[in-house]
Amino acid sequence: MENIIKEIEKKHIVPVVVLHNIADAKPLAKALCDGDLPCAEVTFRTEAAADCIRIMAEEFPDMLIGAGTVLTTAQADQAMKAGARFIVSPGFNPTMVKHCIKKKYPVIPGVNNPSDIEAALSFGLTYLKFFPAEASGGLETIKALSGPYPQVRFMPTGGITPDNIHTYLAFDKIFACGGTWMVRDELLKLQNFEEIRRLTEDALRTIRN
């Protein structure tokens with residue numbers, strides 16, 4: 001888990017992607033790699049998710065590929081078998097989390113309140129997704145939660161944009177941000193992978209300036 005977190009932290013941004021077509025997996029992975037961000041959280045919102053993870057992991061073995069929106073133990077098993085290196089969930093499901101820990105799957109469950117954080121801490125987890133970030137009060141809420149829980153670090157996702165990501169990452173209790181703007185549905189439908197590459201480069205430029 002610690003090694004995965006270090007890799008995510010080095011990337012700063014985790015592109016969150018929804019893939020409906022397995023044919024998009026390879027060119028999308030190439031676009032992200034060409035944009036100098038070899039990382040993706042492929043969400044289990046479609047039937048193509050596991051196959052897309054498998055293709056991306058096989059074609060780009062140096063990519064850091066995770067599975068997002070994992071809601072069940074079966075999905076967690078599918079994801080890891082396909083080649084995902086970590087599991088992300090939108091909320092805190094103790095059954096799924098316990099399963100991942102037992103199987104030694106790196107898992108980053110979602111939280112947005114003290115009760116969820118304390119549940120995560122009871123499992124020994126201190127690196128957590130904060131979701132939905134902006135709708136849950138954004139950076140101010142994260143700062144408020146960091147007071148009683150200084151050992152916790154967050155990966156906010158939901159409403160993160162090029163306009164606010166720099167502010168989020170400036171807070172030391174945030175180890176990375178999840179973002180969807182680089183891989184929008186309309187770009188995938190148009191197969192505009194060049195624009196995805198450009199947006200990825202722009203996103204990195206934003207946080208490095």
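The radius of gyration here is taken over C-alpha atoms, and the globule rule is 2.2 Å times the number of residues to the power 0.38. The model in these exercises is predicted.

**Exercise 1.** Work out whether the radius of gyration of the protein chain agrees or disagrees with that of a compact globule.

*Solution.* Start with the chain length: 209 residues. For that length, the rule puts a compact globule near 17 Å. The protein chain has 16 Å, so the value agrees. Next, take the extents. The C-alpha trace spans about 45 × 40 × 25 Å along its principal axes. Then look at burial. Of the 209 residues, 52% are buried, where buried means under 20% relative accessible area. Last comes the surface. The chain exposes about 9400 Å², with 50% supplied by carbon and sulfur atoms.

**Exercise 2.** Find the strand order in the open sheet of six strands, and say which strands stand at the edges.

*Solution.* First, count the elements: the protein chain has ten helices and nine strands. Six strands form an open sheet in the order β5-β4-β3-β2-β1-β9, and the pairing is parallel. At the edges stand β5 (107-108) and β9 (177-179). Each has a single partner strand, so one side of each lacks a neighbour in the sheet.

Terms used:
Residues are numbered from 1 along each chain as its sequence is written. This is a predicted model: local features need pLDDT of at least 70, side-chain atom pairs count only at pLDDT 80 or more; totals for chains, interfaces and linings use all residues. Side-chain values use heavy atoms; hydrogens and water are left out. Two strands pair if DSSP finds at least two bridges between them. Helices (H or I, at least four residues) and strands (E, at least two) are DSSP runs, numbered from the N terminus. Buried means under 20% relative accessible area, exposed over 50%, partly exposed in between (1.4 Å probe, protein chains only). Accessible areas come from the Shrake-Rupley method with a 1.4 Å probe; for residues, only the protein chains shown count as cover.
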